[in-house]
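Here is a short report on one protein chain. Look at the sequence and the model first, then read on.

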Amino acid sequence: KYGAPLGAVASLAIPLGMAVSLGVAARALDLPVSVGEADAGLASYAAAAHMQGRAGVWLLLISAFVSVCVASGWELAALGTLFSEDVYRTHVNPEADAERVSFVGRVTVFVFGVGVTFLSFFFVFSGVSHTLLLCITGVIANAVVGPLVFALKWCRCTATGATCGVVSGVFAGIFGWLLV
């Protein structure tokens, strides 16, 4: 019952904790990691290689792979369900049977997967740093938390208020990020 959500939480917390602690360890050990390598997220792998050899690097790679697979699976399942049930069945075709809704969910997952793949290739080949992507993701994603909590927990929260809260939160986050 609670295994999958706890696994999703652990799939974020464990790799994040390992990356932060190993990144700090790379800095403390004064390992020869360039700025470009650190921006690519390789400082933690350098620390793992220094402290545990090849086995440490393999363990970190496996952990990152599992984390990405679990998080992507949850994201795709949520997106497919939200689009097929809440958008397609509610607004496009209210008389759709379960087979049609399932097909729309699968198409949504496929299109999103292809889109994310092309976006990833664009970021890799355009030279956008890993650190910049994580920072932008944090700025944008954190702006949604407050309005989402209000929308779910406060009975007087309107759709307009939640939408304005998200948009103003994103702009405030970007402004604060650029200002600091």
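## The salt bridge

Glu-85 is partly exposed, with a relative accessible area of 31%. Buried means under 20%, exposed over 50%, and partly exposed in between (1.4 Å probe, protein chains only). Arg-89 is also partly exposed, at 28% relative accessibility. The side chains of Arg-89 and Glu-85 form a salt bridge, 3.4 Å from N to O. The term calls for a side-chain nitrogen of Lys or Arg within 4 Å of a carboxyl oxygen of Asp or Glu. A search of the whole structure finds one salt bridge.

Why can these two side chains meet? Arg-89 and Glu-85 are four residues apart in helix H4 (residues 54-92), so about one helical turn separates them. An α-helix has 3.6 residues a turn, so residues three or four places apart point the same way. Side chains of opposite charge can pair when their charged atoms come close.

## Basis of the model

This is a predicted model: local features need pLDDT of at least 70, side-chain atom pairs count only at pLDDT 80 or more, and totals for chains, interfaces and linings use all residues. Residues are numbered from 1 along each chain as its sequence is written, and side-chain values use heavy atoms, with hydrogens and water left out.

## Fold and overall size

The chain has seven helices and zero strands. Helices (H or I, at least four residues) and strands (E, at least two) are DSSP runs, numbered from the N terminus. The radius of gyration is 20 Å, while a compact globule of 180 residues would be near 16 Å. That radius is taken over C-alpha atoms, and the globule rule is 2.2 Å times the number of residues to the power 0.38. The C-alpha atoms fill a box of roughly 60 × 40 × 35 Å along the principal axes. Of the 180 residues, 16% count as buried.

## Helix H3

Ala-43, Ser-44, Ala-47 and Ala-48 are buried in helix H3 (residues 43-52). They lie on the same side of H3, because they cover an arc of only 135° around the axis. The arc is that of the directions from the helix axis to the C-beta atoms. Gly-53 follows H3 and has a positive phi, near 75°.

## Cysteines

The structure holds zero disulfides. A disulfide is a pair of cysteine sulfur atoms within 2.5 Å. For Cys-155, the nearest cysteine sulfur is that of Cys-157, 9.8 Å away. Cys-155 is exposed, at 75% relative accessibility. Cys-135 is partly exposed, at 30%.
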